[in-house]
Amino acid sequence: MVTFTNLLQVVQHCDKYPYTVTNDGARLLLEDNVCVGTILPPVLNELVAYNQTLDPCPFVICDTAVHFNEHITTMDERTKTVETLMNHWRTQQTFSALAGWRNELYAVYGKDGQPAFVMERAATPLFGISTFGVHVNGFVLDQGEIKMWVARRSLSKPTWPGVLDNCVAGGIPYGYSTKETVVKECDEEANIPESLAQHAKNVSVVSYYTTSQYGLQPETEFVFDLELPLDYQPTPKDGEVECFYLWTLDQVKESVLRGDWKPNCALVVVDFMMRHAYITADNEPDYIDISYHLHRRLEFPCPKIALAIKSL
């Protein structure tokens, strides 16, 4: 694990994709040259090889851009094209990212905020697709002091096993609203009933652009705060969480600096501590720079959530 001397290092460890990049992959484009992803050279090379085996080719590829071919025009056609490609790469074990196949579909949004196609969650880093999730800060007020519920990820998790996580977190599956995802994840991960989960308040968004051994991951997390009764304790349910701790914010900050957290979840925690004035401009010299890394502008279409759900 990476340890840190200050909180700016914590957020930079996650929001680490360069802000100015040249000659670093091809853009994945929709109609009207709307960019929805970035394909790095190793993936682009495999895509070129795959494309040449089919007639007509599903993609039009050059050094700096990839388009769907002109005969692929609908959402269903784009979805099927990407599904067939990813199933091929999964069968051939071309990329390690696909070993974590989840059978969970993420929407890829076009310029109007509506889904342009959907694709397997594990495949999104290969195309550098902008993804969206919900993170829930479960907390209590104990005689006026804020304490946070902290989850430890299961040791059997394929990604980041055994590290610390937000009380509840999960990607937004295709067809779900943010609040529906919160209620679902609260039940599955922490055994929090709907009657409590419905009180979660959407208070912020955290956005960043990170990289991993699987590829590129620009992400936006819809952040919710959920005040829980002092006598209530979340409990593991679906096997994704090992246990829960109730910690003071001093303990939380210390664990963040030790590098005990999943990197993107550490950002959500820092955001929580800033919003609740535990971290302020008077006690944190890097306050402004930290804020920039929590709210990075991503140059990809974002969902118009209410419209996207209403249209399904």
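How many residue pairs are in polar contact between domain 1 and domain 2? I will come to that after a word on the model, which is predicted, so that local features need pLDDT of at least 70 and side-chain atom pairs count only at pLDDT 80 or more, while totals for chains, interfaces and linings use all residues. Residues are numbered from 1 along each chain as its sequence is written, and side-chain values use heavy atoms, with hydrogens and water left out.

The protein chain is divided into domain 1 (7–17 + 131–310) and domain 2 (26–124), with bounds from an automatic or database domain assignment, and their C-alpha centres lie 29 Å apart.

Turning to the interface, 19 residues of domain 1 are in contact with 24 residues of domain 2, contact meaning heavy atoms within 4.5 Å. The two domains bury about 1,600 Å² between them, 64% of it on carbon and sulfur atoms; buried area here is the accessible area (1.4 Å probe) that two parts lose on being put together, summed over both. Of the area that domain 1 buries against domain 2, Y174, L216 and P301 supply 34%, more than any other three residues.

As for the opening question, the count is two residue pairs, both at pLDDT 80 or more, where a polar contact is a pair of N or O atoms within 3.5 Å, one able to donate a hydrogen and the other to accept it, and residues adjacent in sequence count only if both atoms are side-chain atoms. Zero salt bridges are found across this interface, the rule being a side-chain nitrogen of Lys or Arg within 4 Å of a carboxyl oxygen of Asp or Glu.
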